[in-house]
Amino acid sequence: MSESSPATQAAHPKDYTGAKLGMWLFLFTEVLLFGGLFILYAVYLQRYPEGFRLGGEQLNVWFGGGNTLVLLTSSLSVAMAITALQRGRVRQTMGLVGVTVAMAFCFLVNKYFEWSAKIHHGIYPSSPQLKELPAGEQVFFSIYYLTTGLHGIHVLVGMVMMGWVLLLIRRGKVNPEDYVTLENAGLYWHLVDLIWIFIFPLYYLIL
């Protein structure tokens, strides 16, 4: 008998409201974290507008645009997965969650190549070449690596989380009658996507 069977649920009732409230509170702390980084970006943009412009021109908008498309696709797939599970389509749900995991992996591979290109040119925190650049560009790339690196960690965590949820669906522990785990994972993933929607224009487009 699975843990999610009616008898087990009756013996160990789950607090779905508490689970969702806990996830929303966690997401609020994430918003505060990245909000602080965006405020830091705005403060130093005011101080070094020319350095930020020069730094932004060195970023490849195709890498950023490609990752934006990847994350938007993954957000759509996870939303469709939740709907599919609510309608009892378990196999379709597993496929859509698998697509989300694959999109997360594509994002990280894309980011790896983007960072590798920059590092190959000697532009990374505390590098001799970066120290020779004007102060504004040094600050720009420091905040760029901090923000995109932290976001990349969140993507990695989200990918692992989605893989775990996929395993739970396969085992029947997340099912059409008990899908709050998938909903919470989806909320986390949507936040990761939303944060990138702010990062992309700030670093790749408006400078």
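## Contacts of Phe52

Leaving aside neighbours within four places in sequence, Phe52 is in contact (heavy atoms within 4.5 Å) with Tyr41, Tyr44, Leu45, Gly136, Val139, Phe140, Ile143 and Leu207. Phe52 sits in helix H3. Helices here are DSSP runs of H or I with at least four residues, numbered from the N terminus, while strands are E runs of at least two. Phe52 is buried, at 0% relative accessible area. The accessibility classes are buried under 20%, exposed over 50% and partly exposed in between, with a 1.4 Å probe and protein chains only. Gly136 is 84 residues from Phe52 in sequence, yet their C-alpha atoms are 6.0 Å apart in space.

## Basis of the values

This is a predicted model, where local features need pLDDT of at least 70, side-chain atom pairs count only at pLDDT 80 or more, and totals for chains, interfaces and linings use all residues. Residues are numbered from 1 along each chain as its sequence is written, and side-chain values use heavy atoms, with hydrogens and water left out.

## H3 against H7

How do the axes of H3 and H7 cross? They come within 7 Å and cross at roughly 55 degrees. That makes H3 oblique to H7. Axes are lines fitted to C-alpha atoms, for helices over the stretch in contact, and angles run from 0 to 180 degrees between N-to-C directions. Under 35 degrees counts as roughly parallel, over 145 as roughly antiparallel, 65 to 115 as roughly perpendicular, and the rest as oblique. The crossing of H3 past H7 is right-handed: the near helix is turned clockwise from the far one by less than a right angle, anticlockwise being left-handed.

On the H3 side, Gly51, Phe52, Leu54, Gly55 and Gly56 take part. They meet Gly136, Glu137, Val139, Phe140, Phe141 and Ile143 of H7.

## Helix H7

H7 covers residues 135-170, 36 residues in total. From first C-alpha to last it reaches 52 Å, close to the expected 52 Å. The expected span is 1.5 Å times one less than the number of residues. Just after H7, Gly172 has a positive phi of about 85 degrees.

Thr148 belongs to H7. Its relative accessibility is 1%, so Thr148 counts as buried. Not counting residues up to four places away in sequence, Thr148 touches Lys111, Trp115, Trp196 and Ile199.

## Salt bridges

Side chains of opposite charge can pair when their charged atoms come close. The structure holds 4 salt bridges, each a side-chain nitrogen of Lys or Arg within 4 Å of a carboxyl oxygen of Asp or Glu. One of them joins Glu183 and Lys20, at 3.2 Å from N to O. Glu183 lies in helix H8 (residues 180-205) and Lys20 in helix H2 (residues 16-47), so the pair ties together parts 163 residues apart in sequence. Glu183 is buried at 16%. Lys20 is partly exposed at 29%.

Glu114 pairs with Lys111, with the closest N and O atoms 2.9 Å apart. Both lie in helix H5 (residues 90-120), 3 residues apart, about one turn of the helix. Glu114 is buried at 3%, and Lys111 is buried at 7%. In H3 (residues 49-57), Glu57 and Arg53 are 4 residues apart, about one turn of the helix. Their closest N and O atoms are 2.5 Å apart in a salt bridge. Glu57 is exposed at 51%, whereas Arg53 is partly exposed at 30%. Glu50, Arg53 and Glu57 are linked in a network of salt bridges.
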